[in-house]
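Dear colleague,

Please find below the structure that I am handing over to you, followed by an account of what was found in it.

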Amino acid sequence: MTTERIIRVLVAKPGLDGHDRGARVIAHAFRDAGFEVIYTGLRKTARQIVNAALQEDVDVIGISVLSGAHMTLCPRIMELIREAKLDDVLVIVGGIVPGDDIAQLKDAGIREVFGPGTSTGEIVRYIRDNVRPIQIPTDN
Amino acid sequence: MARNISKKPAGRDNVGRQVSTTTVSGVPIKALYGPADLDGIDLETELGQPGQKPYTRGIYPEMYRKRHWTMRQFSGFGTAEDTNERFRYLLDHGQTGLSVAFDLPTLMGVDSDHLMSEGEVGKCGVAVDSLEDMETLFRGISLAEISTSMTTNAPAPILWAMYLVVAEKQGAPWSKLTGTIQNDLLKEYIAQKTYIFPPRPSMKMVVDTFEFGFRNVPRWNTISISGYHIREAGSTALQELAFTLYDGIEYVEWARRRGLDVDDFAPRLSFFFNAHNDLFEEVAKYRAARKIWHKIMTERFGARNPRSTLLRFHTQTAGCSLTAQQPSNNVVRTTVQALAAVLGGTQSLHTNSLDETLALPTEHTARIALQTQQILAEESGLTDTVDPLGGSYYLERLTLEMEQGCWDYFERLDRMGGMVAAIEQGFPQREIQLSAYAFQKAVETREKIIVGVNDFETGDTSPIETLSIDESVAERQLTRLRTLRAHRDTGRVDRARQALSKAAREDVNVMEPVLECVRAYATLGEMCDTLRDVYGVYEEPGF
């Protein structure tokens with residue numbers, strides 16, 4: 001027998017900007033969807049984010065970037081994720097990312113990028129469909 | 001025949017169309033307003049004449065018949081050379097005031113070569129590390145003749161000091177300078193979150209600038225008390241107004257505690273509001289703002305100079321209302337919002353560019369945005385008469401409700417012990433967060449329609465050309481910074497920083513020692529480090 005455990009998501013805010021409306025709205029929506037959510041707070045380095053992901057044993061990292069620094073910050077986070085052997089963690093990005101950059105971010109290991117106007121429902125569905133297996137055997 | 005083929009929400013068709021019955025902020029609206037809605041209201045007292053108390057209808061008797069609002073487009077990107085070029089372009093195309101956007105490292109008080117600056121240099125605005133960059137930024141622009149607004153908060157005293165020293169070098173007397181520093185730290189803790197120091201030392205430095213300003217730079221607005229960012233963070237129109245005006249109260253309280261006379265500094269307080277899509281709600285907000293501020297300044301603070309009681313404000317159209325889908329539609333949204341600002345009697349206006357949700361504007365989109373204002377000013381007839389919507393049953397009712405809503409919030413904030421205390425308890429932050437989430441849910445359930453996003457989608461996703469800032473900007477900036485550090489008088493820099501540290505520790509006004517640091521070419525990051533050592537840094541409480 002198996003049972004589904006609760007999906008754990010880290011909402012991460014790297015970079016210098018303080019635009020946290022998106023991060024807070026999506027965190028709220030994840031909680032309403034029944035996920036367990038950890039929010040890093042503002043201005044975290046790549047290392048702080050990956051350390052938090054390790055400690056909290058999350059299934060998903062949602063990176064919110066609106067400063068334009070995504071091409072520097074996201075690949076760095078991915079490098080550290082590989083170093084930490086967290087390859088099965090689903091990493092997605094939300095924010096302002098020009099079309100040309102999206103392909104490069106995906107090459108770097110970001111699984112999906114959600115732009116302005118995306119509904120929170122769409123992101124929740126994407127996570128449920130793509131997260132690593134969360135079935136765990138139950139003791140009889 | 002063109003036909004909308006997108007799926008309609010249940011129970012809605014073209015005949016029995018269910019129209020939205022709340023404003024964009026969720027305030028219920030009736031089908032019709034009439035004389036009964038203004039029963040018992042003495043319009044003469046509530047409105048007065050334009051240019052007369054309580055200034056509901058405008059702060060000047062003739063408003064735009066005499067002079068249009070200042071068209072002030074916020075701009076800045078890349079290095080100081082890049083932005084200087086854009087400034088000259090905008091001035092050549094009829095812009096009448098400058099407004100500087102700084103990059104995130106500058107706003108956060110770290111130099112371009114700091115670890116946290118990587119990837120951020122010149123991205124969201126112009127990179128300024130020292131006086132040298134500020135000199136380049138205004139090269140060929142006479143500071144005695146132009147008014148400049150600088151969007152800077154935590155490091156405001158430093159960037160203002162840099163501007164003052166550039167003026168000094170140009171031979172422009174400080175008494176002639178006009179402009180604004182945003183310098184509103186309270187809304188940083190509440191909404192925009194580009195804070196460095198904790199609230200209390202931040203408030204102390206704001207009062208330092210008030211004090212220095214009225215003595216030395218009397219025509220400068222030492223603060224722009226801002227609702228813009230509160231709204232962008234997701235507040236309602238009422239929350240934007242109430243929190244902003246109450247921030248104003250808090251600044252006046254702190255300045256009075258320093259012993260300043262309200263009539264010395266209050267005429268230099270200015271405001272900054274958002275213009276969102278709901279035209280009448282926005283106009284009501286601006287009219288209520290003037291009326292409430294007049295009452296606060298006369299009744300709560302006993303101002304005697306009528307100028308102390310005038311609420312002058314800048315407006316920016318709502319960035320958060322724009323869509324990445326079919327970006328050309330954003331020109332229309334911006335026009336409606338600009339219309340609200342003008343009908344509400346704004347003193348200056350920034351209209352967003354259509355590509356705002358994607359990137360900083362290109363020269364092309366920046367020009368459309370500026371010309372939107374020029375069309376409103378020159379072609380629409382809007383400027384021919386003052387407060388043309390005044391007397392509308394609907395608008396006057398909304399204005400009264402907006403005012404009452406503010407007094408209710410003020411009472412709660414007073415009970416909490418003022419805005420700094422409320423922020424420490426997370427109150428305004430929580431209120432805004434709940435509104436932001438409620439709006440998002442209304443969009444997702446299609447209670448609120450956004451054309452091209454949750455209805456009338458066209459499926460057209462063809463990309464538009466946007467401005468991109470490459471990493472060569474950072475390289476150029478780092479080279480300049482290295483050269484600067486190698487060539488300046490380090491002894492003078494050290495002495496100036498020690499004097500700044502001493503002033504901060506002894507709780508005296510920091511403006512003079514900051515000016516000396518600037519003249520010595522200390523960098524912005526160095527000055528902020530000196531202040532961080534004394535004041536500490538702010539960490540947002542979890543909530």
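In strand 8 of chain B, which residue is the bridge partner of S224(B)? The partner is S270(B). Before the details, please note that this is a predicted model, in which local features need pLDDT of at least 70, side-chain atom pairs count only at pLDDT 80 or more, and totals for chains, interfaces and linings use all residues. Residues are numbered from 1 along each chain as its sequence is written, while chains are lettered from A and ligands numbered from 1 in the order in which they are written.

Chain B as a whole

Chain B contains 20 helices and 10 strands; helices (H or I, at least four residues) and strands (E, at least two) are DSSP runs, numbered from the N terminus. Its radius of gyration is 23 Å, close to the 24 Å that the globule rule gives for 543 residues, so chain B is as compact as a globular protein of that length. The radius is taken over C-alpha atoms, and the rule is 2.2 Å times the number of residues to the power 0.38. The C-alpha trace of chain B spans about 80 × 55 × 50 Å along its principal axes.

One open sheet of chain B has 5 strands in the order 1-10-9-8-7, with parallel pairing; two strands pair if DSSP finds at least two bridges between them. Strand 1 (70–71) and strand 7 (223–226) stand at its edges with a single partner strand each, so one side of each has no neighbour in the sheet. Strand 7 pairs with strand 8 in the parallel sense over 4 bridges. From strand 7, I223(B) and I225(B) point one way and S224(B) and S226(B) the other, and all are buried. In a regular strand the side chains alternate between the two faces of the sheet. Strand 8 (residues 269–275) also pairs in parallel with strand 9 (residues 313–317), over 5 bridges, and F272(B) stands opposite H314(B) in strand 9.

A further open sheet of 5 strands in chain B has the order 2-3-4-5-6, again with parallel pairing. Its edge strands are strand 2 (74–75) and strand 6 (220–221), each pairing on one side only. Strand 3 (residues 98–101) and strand 4 (residues 147–151) run parallel and are joined by 4 bridges, with V100(B) partnered by M150(B).

Leaving aside its neighbours within four places in sequence, V514(B) is in contact (C-beta atoms, placed from the backbone, within 7 Å) with P157(B), I158(B), A161(B), L500(B) and M527(B). Just after helix 19, Y521(B) takes a positive phi of about 65 degrees.

The interface

Between the chains, 26 residues of chain A are in contact with 31 residues of chain B. Helix 1 of chain A supplies the largest share of the chain A side, 4 residues.

Yours sincerely

Note on methods: Contact = placed C-beta atoms within 7 Å. Buried ≥ 20, exposed ≤ 12 C-beta atoms within 10 Å, placed from the backbone.
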